[in-house]
Amino acid sequence: MSETPKYHRVVLKLSGEAMAGEQGFGIHPPTLKLMAEEFKSVHDLGVEIAVVVGGGNIWRGKIGEEMGMERSQADYMGMLATVMNALALQDVLENEGVPTRVQTSIEMREVAELYIRRRAIRHLEKGRVVIFAGGTGNPFFTTDTTAALRAAEMNADVILMAKNNVDGVYDSDPRFNEQAQKYENLTHLDVINKGLKVMDATASSLSMDNDIPLVVFNLNEPGNIRRAVMGENIGTTVSRNI
């Protein structure tokens with residue numbers, strides 16, 4: 001019996017930290033290889049995959065603050081970090097036989113394509129994974145906002161928010177509070193009003209305005225990306241209405 005995915009076109013939000021593995025910093029090749037194998041299993045289902053990568057494994061704005069760096073300068077450094085992650089992810093995906101394109105919000109033509117919406121959609125239609133790097137191309141915006149923006153532009157069915165060692169959205173941090181309660185379903189308005197740290201308020205508002213659901217799940221559980229795409233209840237679903 002053939003499996004039918006619930007979602008046909010997805011935007012996967014991948015933090016930079018997810019690429020660091022247990023070492024916590026930089027790029028961990030074994031972690032990337034496992035990630036690429038999971039991507040391939042989803043790609044083989046015929047699902048169109050776009051990825052938005054963060055850069056926190058290489059550069060964090062907090063470091064810039066400690067240096068007394070101007071915010072815009074620190075944010076541009078973060079954008080460059082996402083490009084490095086995107087190129088690393090592209091390489092391991094193509095080694096798994098998954099055709100991949102990197103598009104950046106900042107022009108660097110020797111390295112990757114400049115982001116063009118119609119071209120990105122065409123890549124997806126041709127079965128290529130598209131990795132969006134460079135954030136929105138503007139300082140003061142996070143890669144969460146990039147994920148919400150690209151999902152709207154790509155007419156994606158869902159944003160899959162892969163978290164490290166957290167299997168959904170809780171009313172407090174489960175790492176420090178054993179009594180923390182997990183939410184099965186939430187609205188985007190709940191996330192904003194309750195101040196839940198799922199994604200930043202700009203990203204939540206953008207997702208709500210464009211009626212894009214969000215699935216928050218644990219990336220470190222093998223097979224979870226595929227389960228999320230199939231519509232299994234593995235984390236927390238955030239939507240306009242419950």
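Helices are runs of at least four residues in DSSP class H or I, strands are runs of at least two residues in class E, and both are numbered from the N terminus. The model shown in these views is predicted.

The C-alpha atoms occupy a box of roughly 55 × 45 × 35 Å along the principal axes. A compact globule of 242 residues would have a radius of gyration near 18 Å, and the 17 Å of the protein chain agrees with this. Of the 242 residues, 49% count as buried, that is, their relative accessible area is under 20%. The accessible surface amounts to about 11900 Å², and carbon and sulfur atoms contribute 49% of it. The chain carries 25 positive and 32 negative side chains, and the centres of these two sets are 5 Å apart.

**View B. Helix H5 (143–153) is largely enclosed by the rest of the structure.**
The helix is described as largely enclosed because eight of its 11 residues are buried. These buried residues are Thr-143, Asp-144, Thr-145, Thr-146, Ala-147, Ala-148, Arg-150 and Ala-151. Which elements do the buried residues of H5 pack against? They pack against the strands S1 (9–14), S2 (48–53), S5 and S6, and against the helices H3 (71–95) and H7 (201–209). At the start of H5, a side-chain oxygen of Thr-142 comes to within 3.2 Å of the backbone nitrogen of Asp-144. Just after H5, Asn-155 adopts a positive phi of about 55 degrees. Asn-155 is not a glycine, and it is located in the loop that leads from H5 to strand S6 (158–163).

**View C. Phe-140 lies in the loop between strand S5 (129–133) and helix H5, and Ser-72 touches it.**
Although Phe-140 is not a glycine, its phi is positive, at about 75 degrees. Is Phe-140 buried or partly exposed? With a relative accessible area of 48%, Phe-140 is partly exposed, since this class covers the range between the limits of 20% and 50%. Ser-72, which belongs to helix H3, counts as buried at 15% relative accessibility. Ser-72 and Phe-140 are separated by 68 residues in sequence, yet their C-alpha atoms are 7.0 Å apart in space. Leaving aside residues up to four places away in sequence, Ser-72 touches Pro-139 and Phe-140.

**View D. The side chain of Thr-236 reaches two backbone atoms.**
Thr-236 is part of strand S11 (residues 236–239). Its relative accessible area is 0%, so Thr-236 is buried. Which backbone atoms does its side chain reach? One is the backbone nitrogen of Val-169, at 2.8 Å. The other is the backbone oxygen of Tyr-183, at 2.5 Å. Thr-236 and Glu-184 are 52 residues apart in sequence, while the distance between their C-alpha atoms is 4.7 Å. Beyond its sequence neighbours up to four places away, Thr-236 touches several residues, including Asp-167, Gly-168, Lys-182, Asn-185, Leu-186, Leu-214, Val-215 and Val-216.

**View E. His-43 in helix H1 (residues 29–43) reaches the backbone of Gly-127.**
With a relative accessible area of 17%, His-43 is buried. This value falls under the 20% limit that defines the buried class. The side chain of His-43 reaches the backbone oxygen of Gly-127 at 2.5 Å. Apart from its neighbours within four places in sequence, His-43 is in contact with Ile-49, Val-98, Pro-99, Gly-127 and Val-129.

**View F. Gln-103 is a buried residue of strand S3 (residues 100–104).**
Its relative accessible area is 1%. How far is a polar atom of the Gln-103 side chain from the backbone nitrogen of Ile-116? The separation is 3.4 Å. Leaving aside neighbours within four places in sequence, the residues in contact with Gln-103 include Glu-113, Leu-114, Tyr-115, Ile-116, Arg-119, Ala-120 and His-123. Val-130, Ile-131, Phe-132 and Ala-133 are also among its contacts.

Methods. Residues numbered from 1 in each chain as written. Predicted model: local features only at pLDDT ≥ 70, side-chain atom pairs only at ≥ 80, totals over all residues. Heavy atoms only, no water. Rg over C-alpha atoms; globule rule 2.2 N^0.38 Å. Buried < 20%, exposed > 50% of the residue type's maximum accessible area, 1.4 Å probe, protein only. Areas by Shrake-Rupley, 256 points an atom, 1.4 Å probe, with all protein chains shown as cover. Lys, Arg positive; Asp, Glu negative; His and termini not counted. Charge placed at Lys NZ, Arg CZ, Asp CG, Glu CD. Contact = heavy atoms within 4.5 Å. Polar contact = N/O pair within 3.5 Å; in protein donor to acceptor, adjacent residues only side chain to side chain.
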